[in-house]
Amino acid sequence: MNLDLTGKRAVVCGSTQGIGLATAIELAQMGASICLVARNEEKLKDALTQLDASQGQSHDYFAVDFSHPEAVKQAAVSYLEKVSNVHILVNNTGGPKGGQAIDAPVEEFLAAFNMHLVCNQHLAQVFSESMKKNGYGRIVNIISTSVKIPLKGLGVSNTIRGAVASWSKTLANELGQFNITVNNVLPGATNTVRLKSIIENKAAKTGDSIENVSNAMVSAIPMGRFAVAEEIANTVAFVCSPAASYINGVNIPVDGGRTGSM
């Protein structure tokens, strides 16, 4: 099975912590050169030191705030002009805050749409031209199991994640002819800063303890535990590899069996 990414360059978003950083580390171990993307330059510099460069890889980064889509586009254009080739794009952005959809101001939907779908679109437009030229492309969107079954208390997130999933399937249909695959990896409850925040917010709203909220979430997972970021990253890395050349346009839950649908 060919998992070798030597000579490939991957742009990994949200890559200073959690699933994004774990993905960047895994892709580097497979031989890819990594471009880390996030808004905090100091954290990007620190993350850069964690990447394997033993196979001659050349790692770098650019800092940009995803609340400004036009800035994301310009940063991507400038980066591609510098390196010439990008083969892999991993879209990964922290989710919107919790709450019911009916209570959310319209501005929250618009902000989330810009941060997730519009920024993804800019990045895909810029980097897919390089993928076409090279005859190899992987676009992987790290989103949520909510695209299969909406999650309670995440109204804005459910809505926007669903839009990204539909966008992704559309791109898969359009870009497959160029040997570019577009897939979604759907993490379940993963032991990250994001999960900790969700648990703390739910505990604060319900008056329950953090331990009880956490235990209730674990009880809904057939494997009886939260995922670790590396387990999600392994799936992303496989989909980016030559071995996954005929996997296109799918949603892949990595959730320990929690999602109640096929």
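**From a loop residue to the cores**

Tutor: Start with Asn 179, found in the loop between α5 and β6. Helices (H or I, at least four residues) and strands (E, at least two) are DSSP runs, numbered from the N terminus. This is a predicted model, where local features need pLDDT of at least 70, side-chain atom pairs count only at pLDDT 80 or more, and totals for chains, interfaces and linings use all residues. Residues are numbered from 1 along each chain as its sequence is written, and side-chain values use heavy atoms, with hydrogens and water left out.

Student: Why is Asn 179 called partly exposed?
Tutor: Buried means under 20% relative accessible area, exposed over 50%, and partly exposed in between (1.4 Å probe, protein chains only). Asn 179 has 34%, so it is partly exposed.

Student: What is the phi of Asn 179 near?
Tutor: Phi is near 65 degrees, a positive value in a residue other than glycine.

Student: Which loop holds Ser 84, and what is its phi near?
Tutor: Ser 84 sits in the loop between α3 and β4 (88–91). Its phi is near 75 degrees, again positive in a residue other than glycine.

Student: What makes Ser 84 count as partly exposed?
Tutor: Its relative accessibility is 40%, so Ser 84 counts as partly exposed.

Student: How do you know that Ala 10 is buried?
Tutor: Ala 10 has a relative accessible area of 0%, so it is buried. It lies in strand β1.

Student: What does Ala 10 touch, not counting residues up to four places away in sequence?
Tutor: Contact means heavy atoms within 4.5 Å. By that rule Ala 10 touches Leu 27, Ser 33, Ile 34, Cys 35 and Ile 88, leaving out residues up to four places away in sequence. Ala 10 and Asp 60 are 50 residues apart in sequence, and 10 Å apart in space, C-alpha to C-alpha.

Student: Why is Asn 120 called buried?
Tutor: Its relative accessible area is 5%, so Asn 120 is buried. Asn 120 lies in helix α4 (residues 106–134). Not counting residues up to four places away in sequence, it touches Asn 91, Asn 141, Val 164 and Trp 167.

Student: What makes a set of residues a nonpolar core?
Tutor: The members are buried Ala, Val, Leu, Ile, Met, Phe, Trp, Tyr and Cys residues, joined through side-chain atoms within 4.5 Å. In soluble globular proteins, nonpolar side chains tend to be buried together.

Student: Which residues touch the most other members of the largest nonpolar core?
Tutor: Leu 89 and Phe 127, in a core of 33 residues. At least two residues each come from β1 (9–13), β2 (33–38), α3 (69–83), α4, α5 (155–175) and β6 (180–187). Helix α4 gives the largest share, 7 residues.

Student: What does Phe 127 touch, not counting residues up to four places away in sequence?
Tutor: With those neighbours left out, Val 11, Ala 76, Tyr 79, Leu 80, Val 86 and Leu 89. A second, separate core has 32 residues, including Ala 38, Ala 227, Ile 232 and Cys 240.

Student: How do you know that the chain agrees with a compact globule?
Tutor: The radius of gyration is taken over C-alpha atoms, and the globule rule is 2.2 Å times the number of residues to the power 0.38. For 262 residues the rule gives a value near 18 Å, and the chain has 18 Å, so the two agree. Buried residues make up 49% of the 262.
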